[in-house]
Amino acid sequence: MPNEVNIPISMDWSRDEVVNVVHFYEAIDQAYRKGVDRDTLLTLYNQFKKIVPSKSEEKQQFKEYESQTQQSPYHVVKAARESSHLKIIKM
């Protein structure tokens with residue numbers, strides 16, 4: 001993840017929710033750098049969806065993150081969902 005990334009968070013979230021969202025975005029970054037365990041990524045995404053259940057809010061967050069990093073959370077999650085035969089997801 002580049003040094004100056006502002007991870008999209010809400011002031012309404014608890015500390016644990018912020019930590020879970022940050023861990024999800026760190027896994028996205030890891031998928032682009034060296035690969036991330038598929039099951040771990042999907043678990044982190046499921047936690048993220050409990051915090052951000054709205055599809056439109058998810059799209060907005062993903063767009064904001066991608067504009068800063070050129071890393072697509074959508075494509076990483078899609079690859080993880082469609083690649084049940086892979087253990088590691090690498091973009």
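Tutor: What follows is a set of questions about the labels used for this structure, each answered from its definition.

Tutor: This is a predicted model, in which local features need pLDDT of at least 70 and side-chain atom pairs count only at pLDDT 80 or more, while totals for chains, interfaces and linings use all residues. Residues are numbered from 1 along each chain as its sequence is written, and side-chain values use heavy atoms, with hydrogens and water left out.

Student: Why is Glu 58 called buried?

Tutor: Buried means under 20% relative accessible area, exposed means over 50%, and partly exposed is what lies in between, with a 1.4 Å probe and protein chains only. Glu 58 has a relative accessible area of 3%, so it is buried. Its place is in helix 3, residues 55-69, where a helix is a DSSP run of H or I of at least four residues, numbered from the N terminus.

Student: Which residues does Glu 58 touch, leaving aside those up to four places away in sequence?

Tutor: Contact means heavy atoms within 4.5 Å, and on that basis Glu 58 touches Tyr 45, Phe 48, Lys 49 and Val 52, with residues up to four places away in sequence not counted.

Student: What makes the pair of Glu 58 and Lys 55 a salt bridge?

Tutor: A salt bridge requires a side-chain nitrogen of Lys or Arg within 4 Å of a carboxyl oxygen of Asp or Glu. The closest N and O atoms of Glu 58 and Lys 55 are 3.5 Å apart, and the pair therefore forms a salt bridge. Lys 55 has a relative accessible area of 45% and is therefore partly exposed. Salt bridges that share partners join Lys 49, Lys 55 and Glu 58 into one network.

Student: How many salt bridges does the structure hold, and how do you know that Asp 29 and Arg 33 form one?

Tutor: The structure holds five salt bridges. Because Asp 29 and Arg 33 are four residues apart in helix 1, they are separated by about one helical turn. Asp 29 is buried because its relative accessible area is 8%, whereas Arg 33, at 52% relative accessibility, counts as exposed.

Student: What makes a set of residues a nonpolar core, and which residues have the most contacts inside the largest one here?

Tutor: A nonpolar core is a set of buried Ala, Val, Leu, Ile, Met, Phe, Trp, Tyr and Cys residues joined through side-chain atoms within 4.5 Å. The largest has 24 residues, and those with the most contacts inside it are Val 21, Phe 24, Tyr 25, Leu 41 and Phe 48. Helix 1 (15-33), helix 2 (38-51), helix 3 and helix 4 each supply at least two residues of this core. Phe 48 also touches Glu 58 and Gln 61, among other residues.

Student: Why is Gln 61 called buried?

Tutor: Gln 61 is at 7% relative accessibility and therefore counts as buried. This residue of helix 3 touches Pro 8, Trp 13, Tyr 25, Phe 48 and Val 52, not counting residues up to four places away in sequence.

Student: How do you know whether helix 1 and helix 4 are roughly parallel or roughly perpendicular?

Tutor: Axes are lines fitted to C-alpha atoms, for helices over the stretch in contact, with angles from 0 to 180 degrees between N-to-C directions. Angles under 35 degrees count as roughly parallel, over 145 as roughly antiparallel, 65 to 115 as roughly perpendicular, and the rest as oblique. The axes of helix 1 and helix 4 come within 10 Å and cross at roughly 80°, and the two helices are therefore roughly perpendicular to each other.

Student: Why is Gln 70 called exposed?

Tutor: Gln 70 is at 62% relative accessibility, so it counts as exposed. Gln 70 lies in the loop between helix 3 and helix 4 (73-82), and it has a positive phi of about 60° although it is not a glycine.
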